[in-house]
Amino acid sequence: MQNIILSAKNLSTGYANQLFLENINLQIPESSYVAVVGPNGSGKTTFLKTILGLKKNYTGELLINNEKPENVPSTWIGYVPQIKTIDRSFPALPIELVASGIKKNWVGVIPKEAKDKAMEILTEVGADSYAFKSIEQLSGGQLQRVFLARSLVRKPKLLLLDEPATGIDLVCELSINSLINEYNKKHNVTVIMVTHDWSAAYHHTNFVLLLNKKQIYFGESKSAFTDENLQNTFSHSGHHHDIKFGMKELVNA
Amino acid sequence: MLDFLNYTFMQNALLAGVLIGFLASYYGVFVVQRKMSFLGSGLSHSAFGGVALGILLNTEPLWIAIPFTMLVAIAIVYLKDKTGIETDTSIGILFSVSVAIGIILLSLRTNYSGDAYSYLFGSILSVSTNDIIVTAILSVITLATFFFKWASWAYASFDSELAISDKINVLRDDYLLNVLIAITIVVAMKIVGIILISAFLVIPAASGKIISKTFFQMTIISIIIGITSSIVGLILSYYFDIPSGAVIILFQTLIFLIFGIIKRK
C-alpha cells in the first residue's frame with residue numbers, strides 16, 4: 001500500500017456566501033503525477049493555494065503527509081506560480097531567486113555554498129547560461145525553468161505547478177514537461193499540475209482532478225475525459241459548447 | 001569655505017540631513033518596488049494634521065505628529081487587510097481627512113504665525129535638538145532592520161504569496177514597515193517639507209533601480225544618493241538662501257536624469 005501524500009475530505013475554500021472550491025474529496029498516493037483541469041475561475045489555483053497554506057478560510061480536512069497546511073514545513077512543497085503573476089520589474093537575478101528558495105528568504109549577498117548549490121540545480125534544468133541575467137530580460141519559458149529550479153532545490157515531497165505551459169512556446173513546453181516527468185520518476189516527487197492541456201494530462205499523468213468549483217472527477221487519467229465529465233466540467237447551465245466533444249477522439253485513441 | 005560648519009544650526013541640519021537622507025532612501029526602495037509612491041504624499045499630509053494639532057496645543061508638533069501619522073499608517077494596512085479596499089483608496093481618504101482636520105485646527109488658532117511655511121517647504125533653520133534625537137533613534141532602529149528585516153521585506157516586495165508560503169509573517173512586517181516609514185516622514189518634514197517628501201522617498205530609489213541588477217544593489221545605491229543629495233542640498237541651500245527641500249529634490253532629479261541617460265546609451 002502506497003503512502004498517501006495528500007488527502008482532502010469535504011474540503012471547501014472561500015466564504016460561506018462565496019465558495020471558490022467546494023467539497024473536494026480525494027487521496028493522492030505518493031509519487032503520482034496529477035493534473036488539475038477546469039475552466040477559468042473553476043478553483044484550480046485556489047486548490048493549490050489552499051495546499052500551500054495561503055488560503056486560511058477553508059473548511060473540511062486537508063492533510064499533506066498527515067500534516068495540516070499551516071503545520072507543513074515549507075521545504076516539503078515546491079511551488080511554481082503562474083509566470084504571468086510574477087513582477088518582472090523587480091531587480092533580481094535567477095541565481096537570487098534560487099538562493100531565496102534555499103534560504104527561505106530573500107538574500108542580499110549570496111553565500112558561496114548557496115551559490116554553488118543554486119548553480120548546480122540551474123544547470124540541471126538547463127538554465128545556467130542565464131543565471132546572472134536580469135529576470136526582466138528572460139522569456140516566459142526561461143523564467144519558468146528558473147522557478148522550477150527554485151522549487152526543486154528544496155527537494156520537495158510535493159511539487160505544485162500553476163499552468164506551467166501558459167505563455168511559453170511549444171518547444172519550451174515540451175522540454176519543461178519532460179523535465180517535470182523526469183523529476184517525478186527519478187526523485188519520487190508527487191506533482192500536482194494545473195493545466196489547460198487535456199492531451200498532456202491524458203498522456204503524462206496518473207491522475208486527473210476535474211474541477212468546476214466542485215469536484216467533477218478524481219481518478220485515473222485514462223478514464224477521466226468522458227463526454228459526461230467534460231460536459232460537467234466545461235459547460236455552464238443553459239447552453240452547450242460543442243467543442244468539448246473533440247476530446248472523444250483522444251479518449252477512444 | 002567651510003565656514004558654515006561653525007554655525008550650530010548648520011551642524012544640526014547637516015547631521016539631521018545625513019540621517020533622514022539615509023532613512024528616506026532606504027525605505028524608498030520598498031515604496032518604489034511596491035508601487036506605493038502615493039503613501040509618501042498620504043502620510044506627509046497626515047503629518048500636517050498632527051503638526052496643526054501640536055501648534056494648536058502649543059506643544060512640540062513632533063510629539064503629536066509622530067503618533068498621529070503612525071495611526072494613519074496602521075489604518076492603511078488595516079483597511080486593506082480587513083476590507084480589501086485598495087491601498088491608494090484608503091490613502092486618498094485618510095490623506096484628505098487629515099488635511100481637513102489640520103486646516104480646521106489651524107484656523108482655530110487666531111494668532112497663528114508663519115510656522116507652517118517651514119513645515120510645508122522645509123527649512124534648515126528649524127532643526128531642533130529634539131528632532132535630532134528622534135532621528136538618531138530611528139536611524140539606529142532602521143540600521144537594525146537592515147540586518148533583520150530587509151530580507152523579508154524584500155521577499156514580500158517581490159511576491160508576498162511566495163513569502164507567506166515560506167512562513168514569513170508578511171502582515172506583521174507590513175505594519176512595521178509602514179509605521180517606520182510614517183516616523184521617517186515626520187522627522188524628514190522639517191528639512192524637506194511636507195509637499196516634497198514623497199519625491200524624497202521615491203527619487204533616490206528610482207534612480208538606484210535604473211542602474212541596478214539586484215534589489216540589494218538598488219538599496220545601497222539609493223542610500224548613497226539619499227545621503228549625498230542631503231549634504232549637497234543643505235550646503236547649496238545655505239549659500240543661496242533657498243528652501244532646503246527644493247534644492248535636495250532638484251539635485252536628486254539631476255542624478256535621476258544622468259542615470260537615465262547613462263542607461264539609455
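Two residues are in contact if their C-beta atoms, placed from the backbone, lie within 7 Å. This is a predicted model, where local features need pLDDT of at least 70 and side-chain atom pairs count only at pLDDT 80 or more, while totals for chains, interfaces and linings use all residues. Residues are numbered from 1 along each chain as its sequence is written, with chains lettered from A and ligands numbered from 1 in the order in which they are written.

**View 1. Phe47(A) and the residues it touches.** Leaving out residues up to four places away in sequence, Phe47(A) touches Leu21(A), Val36(A) and Leu211(A). Phe47(A) counts as buried because 27 other C-beta atoms sit within 10 Å (buried takes 20 or more other C-beta atoms within 10 Å of the residue's own, exposed 12 or fewer, partly exposed in between, with C-beta atoms placed from the backbone). Phe20(A) is 27 residues away along the chain, with 8.8 Å between the two C-alpha atoms.

**View 2. His204(A) in helix H6.** You'll find His204(A) in the helix that covers residues 198-204 of chain A. His204(A) has 19 C-beta neighbours inside 10 Å, so it counts as partly exposed. Setting aside neighbours within four places in sequence, its contacts are Tyr33(A), Asn177(A) and Asn181(A). Thr75(A) is 129 residues off in sequence and 25 Å off in space, C-alpha to C-alpha.

View 3. Chain A has eight helices and nine strands, and buried residues make up 46% of its 253 residues.

Definitions and conventions:
Helix = DSSP H or I, 4+ residues; strand = E, 2+ residues; numbered from the N terminus.
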